[in-house]
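Below are some notes for a colleague who is looking over this model. Please read them with the structure open.

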Amino acid sequence: YTLFILSRYREERSHAREKPDAIALAGATASRAVLFSGLAFVLAMTGMLLVPSSIMRSLAAGAILVGIVSVLAALTLLPAVLSLVGDRVNALRIPYFGRAVGTQARAESRFWGRIVGFVMRRPVASLAVAVALMLAAAIPVFSLETGSAGIATLPDRFESKRGFQFLNQEFPGQTTDPVRIVIDGDADSPQVQAAVGRLEDALAARPIFAEPTVETNEAGNTTLVTVPVAGDSVSKPAIEAVRDLRQEVIPQAFSGVGAEVLVGGDTAVELEYHDTMDRWLPRVVAFVLALSFILLTIAFRSLVVPATAIVMNLLSVGAAYGLLVLVFQKGVGNELFGFQQVDHIEAWVPLFLFSVLFGLSMDYQVFLLSRIRERFSLTRDNRGAVTFGVGSTARLITGAALIIIAVFWGFAMGDLVMFQQMGFGVAVALLLDATLIRSVVVPATMALLGRWNWYLPSWLTWLPDVHVEGAEPPRAPAKPATGSS
C-alpha cells in the first residue's frame, strides 16, 4: 500500500507538481484505491473467521489486523512522512533502476504498451490462449485429495520420526495414538456386553486394527475400548478406518442397544478437522465472492468490472490449485523444486490459499482497475485508458508481486510439506496473476467489452462517483498500439 501511494507521489512530482499538490493528489487517487484494496483483503480474510477452527480464526484475525493497520498507516502516517521527507525519497538511487521517474515510466509504458497493444488488436485470440492455459493448469484440481501429511513426511533428522519408525518396525500394529471408543451405558448389561463382543469381532476382521483392550469405570456405566491403529494415526487409511467405524461397524454392533457410543482419539479429531475444512470451503468462497462483488461495485460504479475481476481471480486461484495437485500429488516437477510427492494436499491449504490468494490478487486488480477507471473518467477512451492503466502500474504491480513471491517461496523451501504447498501455491498464483492476468486477460476482456465495462443500471446511479479534477496532467493522446503517455 505504501509503495502504491509513494509511486503515485513520485509520478506527480515528475510532472512538476508542487509537493503539497502531489501529496494531495496521491491521497485523492492512490489512497482511495488503497482503501478499497485493503477492504477487499480484509473481506477475503474475514471468510476464514466463519470456519469453526481456532487455527483458521487466529490466522484470519492476525491477517485482518495487519491489513487494517497497514491501510491506516498508508492513509495517515505516510502523507505526514512524505510532507517531511519530500523529494528525499528519491535519494540513494540504484544505477539504471534509479533513473528519473518520468523517463523510466515512459520507457516502461512503451514496453507494456506494445504488449497491451498487441493483445488489444487481437483480443479474441489473446484471451482464448490465455484462458486456455489457465484452464489447462487448473484441470488437475479434479484429482485434489485433502488430508494430513503425518509423520512420514517429516525430515529423517527428526527424532520423533525415527522413534515412530522404530516403533512400527519392532511392534507392528502398535501406535502412540490409538482409537478410543467410549460406550455410555450399563457395562454389566447383557445387551452392552454382546454389542462389545460384536465390536471386537468386527475390529479383528480389519487388519488395520490391533487387538483391543476393554476397560470399565468404577461406576460400571462407561466402557472404554482402546484399539491401536497400524501406521500413522493421521494417514488416509487410518482416517477411513475410523470413518468406517462410525458409519458402519458401530451402528451394526450396537443396533437396538440402549447405549451411546462415541469414537475419539487423534485419528477421530483429524477426521472431523478434514470434514470441517471440506464443508466450509464452498461457504467461505460464496461469502467472499458476494461481499467482494458488492465492494467492487461501489468502488468502480460498475457491475461488469467486479464480475470480470472476480472471474479472473478465480482463474488464477484455480490454476494454483491445479499446479499444486500436479506437483505434489502427481509428482510432476517436484524433484526440480526439491518438494516431496505426497498422497494429498493438506486439508487447511485449499481454504487458506483461497482467502490469501483472492485477497492479494484483488489488491493488484483494484490498483490496476483504479488507474484505468481514473483515466477513462478523464478521456472516455476505453482502449487508451486500459493501455495507460497497465503501463503506469506495471512496475509497481510487478515489484509488489515479486516481493510477495520471494516471501512465500521462502516457505516453499522449508522442510515441512504443508508449508511447501502453501508457499508454492501462493507464489505460482501471484506469478500468473501478475503476468497472464494483468498483461493479457484484463486488456483483452476490457477491449472486447468496450464501454460495457462501466455498465451501471439506472437503479444504482445513486452510488457516489469520485472524480478528482486535475488528477492527470495534460498529455498528448496515447496510442493504443504503443501505450506511450
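How many salt bridges does a search of the whole structure find? The search finds 11, a salt bridge being a side-chain nitrogen of Lys or Arg within 4 Å of a carboxyl oxygen of Asp or Glu.

1. On the basis of these notes: the model is predicted, so local features need pLDDT of at least 70 and side-chain atom pairs count only at pLDDT 80 or more, while totals for chains, interfaces and linings use all residues. Residues are numbered from 1 along each chain as its sequence is written, and side-chain values use heavy atoms, with hydrogens and water left out.

2. An α-helix has 3.6 residues a turn, so residues three or four places apart point the same way. Both Arg 8 and Glu 12 are buried, where buried means under 20% relative accessible area, exposed over 50% and partly exposed in between (1.4 Å probe, protein chains only). Arg 8 and Glu 12 also belong to a network of salt bridges that includes Arg 17 and Glu 374.

3. A salt bridge also joins the side chains of Arg 13 and Asp 87, at 2.5 Å from N to O. This pair links distant parts of the chain, with Arg 13 in helix 1 and Asp 87 in the loop between helix 3 (54-85) and helix 4 (101-121), 74 residues apart. Arg 13 counts as partly exposed because its relative accessibility is 24%, and Asp 87 is likewise partly exposed, with a relative accessible area of 38%.

4. Glu 145 and Lys 236 meet through their side chains in a salt bridge of 3.5 Å, N to O. Here too the pair links distant parts of the chain: Glu 145 lies in the loop between helix 5 and strand 1 (146-147), and Lys 236 lies in helix 8 (residues 236-253), 91 residues apart. Glu 145, at 36% relative accessibility, counts as partly exposed, as does Lys 236 at 42%.

5. For helix 5 (residues 123-138), the 16 residues should span 22 Å at 1.5 Å a residue, and the end C-alpha atoms are 22 Å apart, which agrees; the expected span is 1.5 Å times one less than the number of residues. The buried residues of this helix are Pro 123, Ser 126, Leu 127, Ala 130, Met 134, Ala 137 and Ala 138. Seen down the axis of helix 5, they fall within an arc of 110 degrees, so they line one face of the helix, the arc being that of the directions from the helix axis to the C-beta atoms. On the other side of helix 5, Val 124 and Val 129 are exposed.

6. Phe 411 lies in helix 13 and is partly exposed, with a relative accessible area of 37%. Thr 393, which also lies in helix 13, is buried, with a relative accessible area of 1%.

Methods:
Helix = DSSP H or I, 4+ residues; strand = E, 2+ residues; numbered from the N terminus.
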